[in-house]
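Me: Please take a close look at one part for me: the salt bridges and the places they connect. Keep it brisk, and say what each term counts.

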Amino acid sequence: MKYIKNYINGQLIAPVLDEHIENIDPSRGKVYSMIPDSNQQDVENAVIAAEAAFSAWSNTPKDERAAIMIKIADIIESRLDQFAAAESLDNGKPVSLASHVDIPRAVSNLKFFATAIQHYASESHNMEGQGINYTLRKPIGIVGCISPWNLPLYLFTWKIAPAIAAGNCVIAKPSEVTPMTAFMLSEVCAEAGLPKGVLNIVHGLGHKVGDAMTKHPKIKAISFTGGTNTGATIAKIAAPMFKKLSLELGGKNPNIIFADCDFDKALSTTIRSSFANQGQICLCGSRIFIERPIYEKFKAVFVAKVEKSKVSYPSDPEAKLGAVVSQPHMEKVLSYIELAKEEGGTVLTGGHQVKLEGEYSEGYYIRPTIIEGLAYDCRTNQEEIFGPVVTITPFDTEEEVLKMANSTQYGLASTVWTENLRKAHRVANEIDAGIVWVNSWLVRDLRTPFGGVKNSGVGREGGFEALRFFTEPKNVFIQN
Ligand code: TXE
């Protein structure tokens, strides 16, 4: 049985109490490795290491910091298949998805911020006759990065990369549900010569390790991605400690399809935006609004194509959907399908668990599910399900669809399908969201601000937004 280790002070070590929790392969429903059940002392040891490393790392020239980050990225890239297989085994997603999305994006995250930091300038403000102000943007010090299970290495590096590029030292905690690629990253960091203490990965439970990080007085900022409720828990602790917070939380994203859309493109992309990663992406379009003139036609072809989507074990090259991440999550998703029926919905396809044969018979598989006939403000249409479940709803006017789209507590992302440019601009402007894709989905430019409004979070990641989060501006005025 493989025992994952913490990465503290450049060493791969067991947790101080040498206690572990089981790590389950969701495609088989079987334990396949053990995770450190770390505690507050492990976090303290990591903070000590980070504190010792901070002066040297923050004073390392940016191009030297960047060179080490690029070396880490290159090693991951050279082992892409191993990382993709590990990600897929840990999360349940198809290997094809991990190898085309998750791992390449982790490599991009590291390379992007390794170069971004070298272009990160700041301002000066001249006061004629008096003097000049200049703004220093200095690293915060020791920062905490806490990430979720849906895109494990992708979101883990999305936080760590800007943090270390900016000169901070990091205490990072991956989800206890998907720790494997974070462990593999630590092995690569050691191999690439990342100075000890710059990155410390402490595995374990959120309410123990994550909580200890949030409470630690020397961890001055927390970058978190996960559930809205957990985000609120973290904020309650961090706010009175005056810590900087970046919270990327849940979503219940509208996918608005007008009758004048490019029908075939809207259809093919909607299948992806509904069910990619088993619907376990905060950016998935789980509420699909279709203008009435094309509602029946779109519904018919959408259902027919989804019926053909193969749910299979992750290494099956034909798998469109793999396993959802855990048994509790499978049960949560299935419970929402039952709720939808109670709320008057009609399941057009899917709506049940899938039992595979042989070694995968105990895995956590759910058919992609399309439900119609629900009120826009029922619980199914208001709460984040985070699984392969979407609802479809017809609409007649722009005003009506915007009211329905903006009716939830969330405001992360949205997609709009129309060939009318004026309508695209008008609707994009009116949607309460941090991200709007027009005639596309999940097109990502890492320079752009990433995040949501309302209960989808606080702050933005990406590009210089992330470097601003992980630095503190200091204005210095020099008298003439
Ligand atoms: O998130 P959690 P989970 C949504 C989605 C999902 C729900 C819960 O609806 O069903 O959140 O998912 C750590 N103090 N999203 O359980 O619990 C935890 O160990 C500090 C949307 O994965 O929020 C893990 O590392 N940390 C999201 C991380 O927080 C704590 C993607 C996320 O766990 C903690 C994932 C605590 N008290 C889920 N409790 C998105 N926006 O992409 C837990 N953690």
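Reply: **Salt bridges and their surroundings**

The count comes to 23 salt bridges, a salt bridge being a side-chain nitrogen of Lys or Arg within 4 Å of a carboxyl oxygen of Asp or Glu. This is a predicted model, where local features need pLDDT of at least 70, side-chain atom pairs count only at pLDDT 80 or more, and totals for chains, interfaces and linings use all residues. Residues are numbered from 1 along each chain as its sequence is written, and side-chain values use heavy atoms, leaving out hydrogens and water.

Take Lys 208 and Asp 37. They form a salt bridge, with the closest N and O atoms 3.0 Å apart. The pair links distant parts of the chain, 171 residues apart. Lys 208 sits in helix α7 (residues 206-215), and Asp 37 in the loop between β5 and α1 (40-58). Helices (H or I, at least four residues) and strands (E, at least two) are DSSP runs, numbered from the N terminus.

Now β5 itself, residues 30-36. It belongs to an open sheet of 3 strands, in the order β1-β5-β4, with mixed pairing. β1 (2-3) and β4 (20-25) are the edge strands; each has a single partner strand, so one side of each is left without a neighbour in the sheet. Strands count as paired if DSSP finds at least two bridges between them. β1 and β5 run parallel, joined by 2 bridges. There, Tyr 3 stands opposite Met 34. β4 and β5 pair antiparallel over 6 bridges. Ile 21 has Ile 35 of β5 as its bridge partner. The hairpin of β4 and β5 has 4 residues between the strands, and Gly 29 takes a positive phi near 65°.

Next, the domains. Domain 1 is 2-249 + 456-479, and domain 2 is 253-446; these bounds come from an automatic or database domain assignment. Their C-alpha centres lie 30 Å apart. About 2300 Å² is buried between them, 57% of it from carbon and sulfur atoms. Buried area is the accessible area (1.4 Å probe) that two parts lose on being put together, summed over both. On the domain 1 side, Arg 28, Trp 149 and Ser 456 lose the most area to domain 2, together 23% of what that side buries.

How many salt bridges are there between the two domains? The count is 1. Arg 28 and Glu 359 form a salt bridge, with the closest N and O atoms 2.7 Å apart.
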